[in-house]
Amino acid sequence: MIVGVIGSGSIGPDLAYGFVSALVNDADGIVYLHDIQQSALDAGVSRIHGYLKKGVSRGKISERQATLIHERLRPTLDPKDLANCDYVLEAATENLPIKRVILRQIEEIVSPDCLIGFATSGIPRAEIARDAIHPDRCFVNHPFYPAWRALPIEIVLSDNAAMGKRMIDTMKLLGKVPIVTSDVPCFAADDIFCNYCSEAARLVAEGVATPAQVDEIVHRAIGGGGPLNVLDLTRGNLLTAHCQELMRDGPTGGAWFEPPEILSTQGNELWHAERKKAEPYDEKTKNTVLDRILAVLFSRTLFVYEQGICSATELDWMTRMALGFREGLLSLALKTGGERVQALCRAYGHVEDGFYIPNSLTKDSDFSFYRTVTVEQEDGIATVSIYRPEVKNALNNLTIDELGHAMEALRSDDAVTGIVVTGFEGALVGADIGDLSKLKTQEEGEATCVKGQALFNAIEDFPKPVVAALNGPIMGGGAELSMSCHARVVGRKLMLSQPEVNLGLIPGYGGSQRLPRLIDLDKAFHMLRTGTPINAEKAFAWGWASVLAEGSVLKAARELLVRHRTDPSCIQRIDQSPMTLPERLPNIDIGHRSRVIDAILLDVMQRGLSSHLREGLKLEAQGVGRAVVTVDFDIGIKNFFQNGPRVPAVFMHE
């Protein structure tokens with residue numbers, strides 16, 4: 001892929017660095033960074049080199065990766081160098097007339113099928129692409145700070161579905177999580193963020209609190225670093241004022257959106273000119289600041305939700321990941337409660353000036369949404385996707401609950417004939433290590449497994465066919481979820497493993513019992529006792545995968561479910577009956593791994609595989625309980641958090 005980034009100012013170099021890092025394993029990947037001024041280009045390249053130096057020194061990237069990134073980044077003053085780009089992102093200005101001029105210049109250079117994006121904080125796509133030669137290939141691509149590593153990116157699509165799919169796939173390839181929003185001023189996140197920051201500025205202008213007090217009060221309550229601190233980090237005062245004007249003049253605007261004058265007078269000056277120092281405040285100040293800030297946050301978040309500007313699951317995730325709050329703002333609204341949210345918004349006032357009073361949390365409303373799961377239906381097939389992109393869709397307790405709720409709803413939906421289970425971008429990396437680290441007793445370990453096994457057993461017994469679609473790291477609990485499905489469609493990026501032994505643990509959601517029933521016993525024993533991963537080709541050749549797809553795994557999974565309607569034999573459910581084990585089990589070198597954990601695993605496998613699957617699962621859950629109270633489990637978990645998954649734990653074998 002060849003990418004062009006126009007503008008080497010505030011965010012262009014960061015975006016170029018993020019894109020070229022995502023393409024580091026693409027032998028033909030190139031990222032051009034273009035600017036019309038050599039000084040700006042030099043400054044941008046210098047910033048990227050600083051990122052590389054810091055990344056190498058901290059062990060985040062290797063010397064080889066840094067060299068490749070350096071080689072594949074092409075700074076240029078000549079816009080004609082962008083002629084062969086597959087995708088060009090304009091990140092030069094927030095000025096609409098200049099954006100249109102740049103668009104006209106881009107279209108004269110690139111091919112008709114080159115995708116064009118605009119890194120705008122608030123200008124609608126229709127306004128930018130109004131005079132485009134090929135408007136269908138023009139999109140809003142709104143990134144977040146810091147642009148080189150922030151996962152979310154808002155996308156406003158055109159009317160061309162094929163071009164839109166290419167745009168979304170391109171963002172994923174470049175390491176981003178695309179969030180589709182409506183084409184309205186400031187889209188979803190900046191509607192919330194800019195109004196939030198403007199309210200903070202008003203509080204300072206009115207003398208209610210100082211910048212330090214505002215940031216301290218807000219951050220202590222909901223996180224996010226404090227609105228004025230974030231404005232300092234992004235030099236965002238004037239941009240926020242600009243976005244307020246866009247919303248003020250938009251279809252749902254009004255006088256309330258008028259930017260506070262202090263944003264303009266503050267300009268590029270910092271709210272915290274010196275290192276921020278704690279300033280005391282009384283209870284009245286705290287309550288006034290927090291009530292007004294929460295009223296604005298709830299008003300705008302629920303406006304975005306109620307107007308359908310963005311899906312609820314993605315909105316909640318984005319307000320946590322892009323805006324930095326401790327939890328998503330829809331989740332916070334639900335936790336706060338409808339009565340309290342309504343009271344805050346009504347007490348704030350300004351309704352006559354355009355302040356929005358939400359209605360989705362009134363007493364008679366039925367407001368709920370999935371935080372970590374998405375469900376889509378098309379032509380009788382439902383796709384249930386785990387949505388935790390920041391942790392490769394690791395399964396936490398909430399995900400287990402929501403997945404169970406979604407499956408039960410689909411069980412009774414007569415319009416659904418089959419289900420695809422997947423994760424964002426096809427990854428399912430297993431149980432959330434944070435949840436595992438909280439296990440302290442044998443009873444807690446066993447209970448956690450019983451809960452997960454109940455869901456996976458229900459999927460295994462589901463009356464409608466369930467197919468897993470996988471194309472990334474599939475590990476631990478993610479592999480176990482996949483094995484509870486009736487078939488597994490995998491792509492070439494699959495990397496499959498049961499790595500629990502590296503944590504001083506054994507599988508707890510069925511891995512020790514289902515894996516040997518799917519593949520050769522010797523191979524299963526080796527994978528389980530060493531945590532060794534296998535690729536897609538082996539997973540298919542060994543019988544773990546039902547289909548090895550060359551293209552989209554979701555499409556292939558859907559095709560398998562359609563074929564099942566006329567040929568039920570194309571999906572074979574796992575044999576749950578007892579297995580006959582050889583007298584001598586394979587002799588395996590477990591290396592550095594814990595001998596006490598290996599002994600528990602062997603015991604569980606020998607007794608469990610000789611029994612019916614469900615009896616074996618009970619034994620497995622008990623085995624996890626036994627493992628949790630070992631010294632080696634404590635060592636394995638601490639090693640993971642301190643050193644990461646690539647550093648082997650030094651087990652005590654006790």
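Reader: In β17, which residue is the bridge partner of Val-489?

Author: Val-489 has Val-547 of β17 as its bridge partner. The model under discussion is a predicted one. In general, the strands of a sheet pair through backbone hydrogen bonds, either parallel or antiparallel. In this case β14 and β17 run parallel and are joined by 2 bridges.

Reader: To which sheet do β14 and β17 belong, and what is the order of its strands?

Author: They belong to an open sheet of 6 strands, ordered β9-β10-β11-β12-β14-β17, in which the pairing is mixed.

Reader: How many bridges connect β12 and β14, and in which sense do they pair, parallel or antiparallel?

Author: There are 4 bridges between β12 and β14, in the parallel sense. Within this pairing, Val-467 has Ala-487 of β14 as its bridge partner. The strands β11 (residues 418-423) and β12 (residues 466-470) run parallel and are joined by 3 bridges.

Reader: Which strands make up the open sheet of 3 strands?

Author: That open sheet has the order β13-β15-β16, with mixed pairing. Here β13 (473-475) and β16 (534-535) are the edge strands, and each pairs on one side only. Strand β15 (residues 495-497) runs antiparallel to β16, and 2 bridges join them. Leu-496 has Ile-534 as its bridge partner in β16.

Reader: How many helices and strands does the protein chain have, and why may it be called as compact as a globular protein of its length?

Author: The protein chain has 26 helices and 17 strands. Its radius of gyration is 27 Å, close to the 26 Å given by the globule rule for 654 residues, and it is therefore as compact as a globular protein of that length. Along the principal axes, the C-alpha atoms fill a box of roughly 80 × 60 × 55 Å.

Reader: What percentage of the residues is buried?

Author: Of the 654 residues in the protein chain, 56% are buried. As for contacts with a separation of 6 or more, 75% are between residues 24 or more positions apart. The accessible surface comes to about 27900 Å², and 51% of it belongs to carbon and sulfur atoms.

Methods: Residues numbered from 1 in each chain as written. Predicted model: local features only at pLDDT ≥ 70, side-chain atom pairs only at ≥ 80, totals over all residues. Heavy atoms only, no water. Rg over C-alpha atoms; globule rule 2.2 N^0.38 Å. Buried < 20%, exposed > 50% of the residue type's maximum accessible area, 1.4 Å probe, protein only. Contact = heavy atoms within 4.5 Å. Areas by Shrake-Rupley, 256 points an atom, 1.4 Å probe, with all protein chains shown as cover. Pairing = 2+ DSSP bridges.
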